[in-house]
Amino acid sequence: MDWLAPYVKIVAVKNFVWTSEEKEDHTAWTAKVGPVRQGVAPWPEVLRLLKQMGYDGYYSVFGEYWELCSFRQMNLPEMVNQVRQDVEYLKGLYDALWGAP
């Protein structure tokens, strides 16, 4: 990761969860956008690595909780609330590593 350090200017924060749907003859698995704390990406470890490489840039949190790409259907207030939870989780991880402001 160290060789990437000079090139990382922004970190896109999102996560994915696996969902399944029973078909007639098989189970279909699909990756869907999920809550940052619950997905397959290990964000605590990612932030530790970013800190190790000296990253002090921006984080972009995506609220892509709609239609077929979402782990569940949400209306606008629910999406805003989910993004708020994602940001609070990320801020908690960040503060634990770098110290609260």
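Analyst: Not counting residues up to four places away in sequence, tryptophan 98 touches Leu47, Leu50, Lys51, Tyr55 and Tyr59, where contact means heavy atoms within 4.5 Å. This is a predicted model, in which local features need pLDDT of at least 70 and side-chain atom pairs count only at pLDDT 80 or more, while totals for chains, interfaces and linings use all residues. Residues are numbered from 1 along each chain as its sequence is written, and side-chain values use heavy atoms, with hydrogens and water left out.

Tryptophan 98 lies in helix α2; helices (H or I, at least four residues) and strands (E, at least two) are DSSP runs numbered from the N terminus. Its relative accessibility is 26%, so tryptophan 98 counts as partly exposed, a class that falls between buried (under 20% relative accessible area) and exposed (over 50%), computed with a 1.4 Å probe on protein chains only. Tryptophan 98 and alanine 5, although 93 residues apart in sequence, have C-alpha atoms 17 Å apart. After α2 comes glycine 99, whose phi is positive, near 90°.

Helix α2 covers residues 76–98, and at 1.5 Å a residue its 23 residues should span 33 Å, which agrees with the 32 Å between its end C-alpha atoms; the expected span is 1.5 Å times one less than the number of residues. The buried residues of α2 are Met79, Gln82, Asp86, Tyr89, Leu90, Leu93 and Asp95, and they pack against β1 (10–13), α1 (43–52) and β4 (58–61). An α-helix has 3.6 residues a turn, so residues three or four places apart point the same way.

Glutamine 82, in helix α2, counts as buried because its relative accessibility is 8%; leaving aside neighbours within four places in sequence, glutamine 82 is in contact with Pro35, Tyr65, Phe71 and Met74. Aspartate 86, also placed in helix α2, has 3% relative accessibility and therefore counts as buried. With the neighbours within four places again set aside, the contacts of aspartate 86 are Pro35, Val36, Val61 and Tyr65.

Alanine 41 belongs to the loop between β3 (27–34) and α1, and at 27% relative accessibility alanine 41 counts as partly exposed. Not counting residues up to four places away in sequence, alanine 41 touches Lys14 and Asn15.

As for α1 itself, the axes of α1 and α2 come within 10 Å and cross at roughly 40°, the axes being lines fitted to C-alpha atoms, for helices over the stretch in contact, with angles from 0 to 180 degrees between N-to-C directions. That makes α1 oblique to α2, since angles under 35 degrees count as roughly parallel, over 145 as roughly antiparallel, 65 to 115 as roughly perpendicular and the rest as oblique. The contact is made by Trp43, Pro44, Leu47, Arg48, Leu50 and Lys51 of α1, together with Tyr89, Leu90, Leu93, Tyr94, Leu97 and Trp98 of α2. By class, this contact of α1 with α2 has 10 nonpolar, no polar and 2 charged residues, where Ala, Val, Leu, Ile, Met, Phe, Trp, Tyr, Cys and Pro count as nonpolar, Asp, Glu, Lys and Arg as charged, and the others, Gly among them, as polar.
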